Amino acid sequence: MVGRTVEMAYRSKVPTLLGQKQVRENRYIGQAELVNETGLTRATVAAWLDPDSRFKNLNASVAQAFKEFFGAGIDDIVEIVPANDSQQ
């Protein structure tokens with residue numbers, strides 16, 4: 001019996017990291033600051049801040065920019081989930 005293949009995707013953990021950083025530093029960090037500090041486009045930052053977004057591919061440059069901004073590892077930045085998983 002052959003098992004069913006489940007399509008996987010990456011889900012951003014950036015919203016959680018951002019909230020933790022804001023609490024730790026006792027300040028608001030907006031999307032504009034993320035754009036300026038990471039060098040990423042506003043559209044890219046917005047997509048990564050959306051907790052419902054799923055990415056089929058992981059762009060290494062984007063992941064690296066967030067890793068550096070948050071001082072975090074790759075497993076802190078993304079998690080692997082079923083592509084159609086709607087739970088957070």
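This is a predicted model: local features need pLDDT of at least 70, side-chain atom pairs count only at pLDDT 80 or more; totals for chains, interfaces and linings use all residues.
1. Of the 88 residues of the protein, 31% count as buried, and the C-alpha trace spans about 55 × 25 × 20 Å along its principal axes.

2. The protein has five helices and two strands, and the order of these elements from the N terminus is β-α-α-α-α-α-β. Among the contacts with a separation of 6 or more, 69% are accounted for by residues 24 or more positions apart.

3. The aromatic residues deserve a point of their own. With ring centres required to lie within 6.5 Å, the count comes to four aromatic pairs. The rings of W48 and F66 have centres 5.1 Å apart and planes at 35°, so this pair is classed as tilted. W48 belongs to helix α3 (residues 42-49) and F66 to helix α4 (residues 60-70), so that the pair, 18 residues apart, links distant parts of the chain. Both partners are buried, W48 with a relative accessible area of 5% and F66 with one of 0%.

4. The rings of F69 and F70 have their centres 4.9 Å apart, and because their planes stand at 85° the pair is edge-to-face; F69 and F70 are also buried. Ring pairs join W48, F55, F66, F69 and F70 into a cluster. K21 lies over the face of F69, at 4.9 Å from the ring centre.

5. As regards charge, the protein carries 10 positive and 11 negative charges, and the mean positions of these two sets are 2 Å apart.

Definitions and conventions
Residues are numbered from 1 along each chain as its sequence is written. Side-chain values use heavy atoms; hydrogens and water are left out. Rings of Phe, Tyr and Trp (its six-membered ring) pair if their centres lie within 6.5 Å; planes under 30 degrees apart count as stacked, over 60 as edge-to-face and the rest as tilted. Helices (H or I, at least four residues) and strands (E, at least two) are DSSP runs, numbered from the N terminus. Buried means under 20% relative accessible area, exposed over 50%, partly exposed in between (1.4 Å probe, protein chains only). A charge sits over a ring if NZ of Lys or CZ of Arg is within 6 Å of the ring centre and within 35 degrees of the ring normal. Contact means heavy atoms within 4.5 Å. Lys and Arg count as positive and Asp and Glu as negative; His and the chain ends are not counted. The place of a charge is taken as NZ of Lys, CZ of Arg, CG of Asp or CD of Glu.
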